[in-house]
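This report describes selected side-chain arrangements in a predicted model.

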Amino acid sequence: VQQSGSSIRYCQGVLAEDWQLVQTAVKQDGLALRFLSDGWRDNDALVTEAVRQNGFALQHASWRLRAIREVVLDAVTQNGFALQFAVGQVRADE
């Protein structure tokens, strides 16, 4: 995953739940978030790492995080087009 974050898709079981492994994956490729469990997609710190690396990772975050202003701002700062994946009032505010 250090060379290709998307290779996290092949990890299962204990590996798929290892914090350091999933963090390394999203730091290398924010879109690797799409291959992670719902629990990881709802993890504030991990999703923040992902959207800072690739704003489009916001589309794979939980609905709860897609409605949090700070997370959306990080995503939009990285890629302005990520705003389309925000939900709720935060999208209307931007």
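## Aromatic pairs

The count of aromatic pairs in this predicted model comes to two. The rings of tryptophan 19 and tryptophan 40 form a tilted pair, because their planes stand at 40 degrees, and the ring centres are 5.7 Å apart. This pair links distant parts of the chain: tryptophan 19 belongs to helix α1 (residues 19–28) and tryptophan 40 to helix α2 (residues 38–41), 21 residues apart. Tryptophan 19 is partly exposed, with a relative accessibility of 32%. Tryptophan 40, at a relative accessible area of 10%, is buried; the cut-off for this class is under 20%.

The rings of phenylalanine 56 and phenylalanine 85 have their centres 5.7 Å apart. Their planes are at 90 degrees, and the pair is therefore edge-to-face, a class that requires an angle over 60 degrees. Phenylalanine 56 is placed in the loop between α3 and α4, and phenylalanine 85 in the loop between α5 and α6, so the pair ties together parts that are 29 residues apart in sequence. Phenylalanine 56 has a relative accessibility of 28% and counts as partly exposed, whereas phenylalanine 85 is buried at 15%.

## A charge over a ring

A further arrangement with an aromatic ring involves arginine 66 and tryptophan 63. Arginine 66 lies over the face of tryptophan 63, and the distance to the ring centre is 4.5 Å.

## The two sides of helix α5

Helix α5 comprises residues 69–78, and Val71, Val72 and Ala75 are buried in it. These residues are on the same side of α5, because they cover an arc of only 95 degrees around the axis. On the other side of α5, Glu70 and Thr77 are exposed.

The cover over the buried residues of α5 includes α3 (44–53), α4 (63–66) and α6 (89–93).

## Residues of helix α3

Threonine 48 is located in helix α3. With a relative accessibility of 16%, threonine 48 counts as buried. When neighbours within four places in sequence are left aside, threonine 48 is in contact with Val71 and Asp74. Of these two partners, Val71 has already been described as a buried residue of α5.

Glutamate 49 also has its place in helix α3. Glutamate 49 is partly exposed, at 27% relative accessibility. Residues up to four places away in sequence not being counted, glutamate 49 touches Gln23, Val26 and Lys27. The C-alpha atom of glutamate 49 is separated by 9.9 Å from that of alanine 25, and these two residues are 24 residues apart along the chain.

## Asparagine 54 in the loop between α3 and α4

Asparagine 54 lies in the loop between α3 and α4, where phenylalanine 56 is also found. At 17% relative accessibility, asparagine 54 counts as buried, since the cut-off is under 20%.

The side chain of asparagine 54 reaches the backbone nitrogen of phenylalanine 56 at 2.9 Å. Phenylalanine 56 is in turn a member of the edge-to-face pair with phenylalanine 85. Apart from residues up to four places away in sequence, asparagine 54 touches Gly30, Leu31 and Gln78.

How values were computed
Residues are numbered from 1 along each chain as its sequence is written. This is a predicted model: local features need pLDDT of at least 70, side-chain atom pairs count only at pLDDT 80 or more; totals for chains, interfaces and linings use all residues. Side-chain values use heavy atoms; hydrogens and water are left out. Buried means under 20% relative accessible area, exposed over 50%, partly exposed in between (1.4 Å probe, protein chains only). Helices (H or I, at least four residues) and strands (E, at least two) are DSSP runs, numbered from the N terminus. The arc is that of the directions from the helix axis to the C-beta atoms. Contact means heavy atoms within 4.5 Å. Rings of Phe, Tyr and Trp (its six-membered ring) pair if their centres lie within 6.5 Å; planes under 30 degrees apart count as stacked, over 60 as edge-to-face and the rest as tilted. A charge sits over a ring if NZ of Lys or CZ of Arg is within 6 Å of the ring centre and within 35 degrees of the ring normal. A polar contact is a pair of N or O atoms within 3.5 Å; within protein, one must be able to donate a hydrogen and the other to accept it, and residues adjacent in sequence count only if both atoms are side-chain atoms.
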